[in-house]
Amino acid sequence: MNLFSLAKKFPTEDAALLHLIKTRWPHGVRCVACDCDKCWLVEAKGTTGKPRKLFQCSDCGYQFSATANTLFHDSHLPLTKWFAVICLMVEGKKGISASQVRRHVPMTYKTAWYVCHRIREAMQEPKSLKLGGESTTVEIDETYVGGRKRGTGVKAGRRAKTIVVGIAERDGRIHLQTVRSAKNHYVRPVIREKVDPETPKIVTDGAGRYRTMIPREKHEQGNHKRELHNKNWTTTQTVENAFSLFKRGLVGNYHQLSAEHLDRYLGEFCWRYNRRKMQPWLFDMTLVNLLNKKPLPYKELTF
Ligand SMILES: [Zn+2]
C-alpha cells in the first residue's frame, strides 16, 4: 500500500479508527480490564478539552480507548499520521529514518523518532524463530557496522565498530544480530539458538574459527580459488547481500544510528526482508503487532 491508496482508504480519523477497532477486536470489542464483551462507545473530553472516543465497559465501568495497552498507548498523534508512517516503514526496502518520515508526515522530530521506534518494535521477529531445517542450506558470516571516526586509524575505527553476525537461508529468511566480539564464546550461542539442528548443510567462509562451532559433517567452507575465478560469486553470497543491503540503508537513512539501538534496526530489516514476498499484507501485519504488543515507554528507549 502506498501513501496515495492509504489516503483514499482512510480519508478521515474515523475511518482509520474503525479499521483499528476491527483489527484489534475482530469478534467485537472486549473490555481491557475484565474481558467483558459488552462495551459501549462514549464521547469524553480529553485533558486538552478535545472530544475523545472511548469505550465503557457495562460490567466493571472501566473506560478505555481503542489504543489502550498497545504500542499506540498514550499517543496524541492522529491515527491517519500513524498509518502513513507504518506505510512508509513497510514500503522502503532499506528502511526510512525519522528525519525522512517527518518530511512526508508533518510532526516534530522527537515524535517521529518515538513513533518509528514503536513501529519498529512491531516489526521484530519472534525470539523463537529458527532458520534452516530439513533440506535447507544455511550461510553464516559476520560483518562490522558503523563507528566510523574521522582522523583515527584503522585499528581505532575497528574498535568503535559493532560486529554483526548474519545467518541466512539460501533463497529464504535471514537473521542479523550484534555480538560483543567475534570470539567463539559470543558467536556459538547465536548459532545454537538460531539454526535448526535438522539443517543438513551450513556454509561459512574459510575462517578457521567456525570449525569448532559447526559439526564437521554439515560444514562447508568457501573455496577461495573458485571465488577468485568468479568475483561475483561466493559461497556466502546470500548473507553478504543482506549485509550490504542493510549497510546501504544505514548510510543513506540512519546517519546517527546508535549502537544500543542497532539490534532493533537489524530486527526491523530482517522482518521486512523475510516478508519480501508478502508486500500487500505488511501494513496490516504491522498494525496487528502494534495492537498486540505492550506499550513501549519513551524512557525505556532513551535509558
Ligand atoms: Zn470491564
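Leaving aside neighbours within four places in sequence, Thr-137 is in contact with Ala-168, Glu-169, Arg-170, Lys-201 and Val-203, where contact means heavy atoms within 4.5 Å. Thr-137 belongs to strand S4, which covers residues 137-145; strands (E, at least two residues) and helices (H or I, at least four) are DSSP runs numbered from the N terminus. With a relative accessible area of 18%, Thr-137 is buried, the classes being buried under 20%, exposed over 50% and partly exposed in between (1.4 Å probe, protein chains only). The model is a predicted one, in which local features need pLDDT of at least 70 and side-chain atom pairs count only at pLDDT 80 or more, whereas totals for chains, interfaces and linings use all residues. Residues are numbered from 1 along each chain as its sequence is written, and side-chain values use heavy atoms, with hydrogens and water left out.

The protein chain contains 12 helices and 8 strands. Of its 303 residues, 45% count as buried. Among contacts in the chain with a separation of 6 or more, 65% are between residues 24 or more positions apart. The accessible surface of the chain is about 17,300 Å², with 52% of this area belonging to carbon and sulfur atoms; areas were computed by the Shrake-Rupley method with a 1.4 Å probe, and for residues only the protein chains shown count as cover.

A zinc ion is coordinated at 2.3 Å by the SG atoms of Cys-31, Cys-34, Cys-57 and Cys-60. Donors are N, O and S atoms within 2.8 Å of the metal (3.2 Å for Na, K and Ca); water is not among the atoms, so sites may look incomplete. The 4 donor atoms subtend angles of 105 to 117 degrees, and the arrangement is therefore tetrahedral, a class that requires all angles between four donors to lie between 85 and 135 degrees. The ideal angle for four tetrahedral donors is 109.5 degrees.

Along the chain, the donors follow the spacing C-x2-C-x22-C-x2-C. Cys-34 lies in the loop between helix H2 (13-24) and strand S1 (39-45), and Cys-60 in the loop between strand S2 (51-57) and strand S3 (63-64), so this pair ties together parts 26 residues apart in sequence. Cys-34 is partly exposed at 35% relative accessible area, and Cys-60 is likewise partly exposed, at 41%.

Strands S1 and S2 run antiparallel and are joined by 7 bridges; pairing requires at least two DSSP bridges between two strands. Cys-39 stands opposite Cys-57 of S2. The two strands form a hairpin with 5 residues between them, and Gly-49 in the turn has a positive phi of about 90 degrees.

Notes: Tetrahedral: all angles 85-135°; square planar, octahedral: opposite > 155°, others 65-115°.
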